[in-house]
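Have a look at the picture first, then read on.

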Amino acid sequence: MAEVRNKYVVKKNHIDGVPNESDFSICEELLSLKLHSHVSNNVVIVKNLYVSIDPYQINRMKPHSSSHIIASTASVVLPGQAIEAGGVGRVVESWHPDFKTGDFVSGLLHWGEYSVVEGGQQLQKLDTTVAIWLLQEANICKAKVFEAVVAFTHLQKFFASHKLLKQVGSSGITAYGGFFQVCKPKKGEKVFVSAASGSVGILVGQYAKLSGCYVVGCAGTKEKVDLLKEKLGFDDAFNYKEEPNLNLALQRYFPEGIDIYFDNVGGEMLEAAVENLKSFGRIAICGVISEYTGTQKRAKLDMVGVIYKRIRIEGFLCVDFVDIYPEFISTTMQHLQTGKLKAIEDISYGVENIPTAFIDLFHGNNIGKKVVKIAQE
Ligand SMILES: NC(=O)c1ccc[n+]([C@@H]2O[C@H](COP(=O)([O-])OP(=O)(O)OC[C@H]3O[C@@H](n4cnc5c(N)ncnc54)[C@H](OP(=O)(O)O)[C@@H]3O)[C@@H](O)[C@H]2O)c1
């Protein structure tokens, strides 16, 4: 096989609002597997099996964002350029000494059928034997091992060096590190989580319950609210889209105030949370998805309230939590094995559906970790 046909997603133009189907196109190329430059550049060619779909990518698609200069994985994506994303795949050709044809790998791949990874950078071999054993232990169907690999970041233990935390299914360590390291919960504290049915929020709420906290989540549909309350153990949940006044809504759910707000959305929800936070309350700024597309107003916080209530507001990135990775793995595995923690995935199929899967995140059309399955193993 000297060449393969590769379909991949590109953005057609810079995106500065809510993404639309017309912002993307599917390119097709004949990908040579035998170029001389592949030898000298230690290239690894990967057939993609699963790719991760994450809200942060929208900031990479804008012409300007403060995130572009902070982290290389958040750098700007140019029109026509293949779009890097976390994923799992199988090596079809390798000129890198650490990888051979047939290896399962995870790391920074592309939104496409194949990924050409120079220098094998950001790529890690996946130990499928251990992964499958672990998934069986966790009572997860063996056939779904690769969905789970992307969705359940605890498996990174077996294929991750710390650099990979930046790219592959980072929801688990984001939730764990953000909640325990930034929020520093105490038993009995009152916790509020926004975008609570998203990949991070689902886990934060469950970690909070496991820590003996009282937890309320918000989400954008009745189905999600029911899931949080009935299947995931949240003490309460509400549909923020049905609340004309978020400040009053939070007063209703937290009559004595909030100790911890885990923020995934920013904007008016963050403003309302600050209003309802107790003295010495903590706010972990994980994401501000309502502000990414520029359609909703940016949070304007009552800073006098922040001072007088001695509120601590802290942003963070999942890569900040490398040091607690082993602790995260062992605790999370234990909870999965005993059924105390549930992880939820939301799968679409085929390269053609990547743009829709991505756009859907900004319309609340996902529940749990969004991945796109590109090919069978
Ligand atoms: N700091 C880090 O290292 C890090 C790592 C991973 C993710 N994040 C951030 O954490 C947040 C959650 O990520 P995720 O992966 O859990 O998300 P996700 O699974 O992709 O879910 C996104 C959810 O956000 C909600 N949403 C979309 N637009 C919204 C809006 N305008 N207002 C309120 N809610 C809206 C939707 O649910 P409903 O509207 O139905 O609630 C949607 O389903 C994002 O902001 C993401 O960028 C940060």
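Start with phenylalanine 280, which you'll find in strand β12, residues 277-285. Keep in mind as we go that this is a predicted model. Is phenylalanine 280 buried or exposed? It has 10 other C-beta atoms within 10 Å, and a residue with 12 or fewer counts as exposed, so phenylalanine 280 is exposed. Its backbone is worth a glance too: phi is near 65 degrees, a positive value in a residue other than glycine.

Arginine 310 also has a positive phi, about 50 degrees, although it's not a glycine. You'll spot arginine 310 in the loop between α11 (303-308) and β13 (312-315). Because it has 11 C-beta neighbours inside 10 Å, arginine 310 counts as exposed.

Now for threonine 174, which sits in helix α5. Why does threonine 174 count as buried? It has 26 C-beta neighbours inside 10 Å, and 20 or more is enough to be called buried. Leaving out residues up to four places away in sequence, threonine 174 touches Val200, Cys286 and Cys318. Take Val200: it is 26 residues from threonine 174 along the chain, yet their C-alpha atoms are separated by 6.8 Å.

Next, trace a piece of the chain. Strands β9 (residues 214-219) and β10 (residues 236-239) run parallel, joined by four bridges. Valine 216 stands opposite aspartate 236 in β10. To get from β9 to β10, the chain passes through helix α7 (residues 222-230), making a right-handed β-α-β crossover.

Finally, zoom out. The protein's secondary structure comes to 13 helices and 15 strands. Of its 377 residues, 48% are buried. And among contacts between residues at least 6 apart in sequence, 66% join residues at least 24 apart.

Notes: Residues are numbered from 1 along each chain as its sequence is written. This is a predicted model: local features need pLDDT of at least 70, side-chain atom pairs count only at pLDDT 80 or more; totals for chains, interfaces and linings use all residues. Two strands pair if DSSP finds at least two bridges between them. Helices (H or I, at least four residues) and strands (E, at least two) are DSSP runs, numbered from the N terminus. A crossover is right-handed if, with the strands pointing away from the viewer, the path from the first strand over the helix to the second runs clockwise. Two residues are in contact if their C-beta atoms, placed from the backbone, lie within 7 Å.
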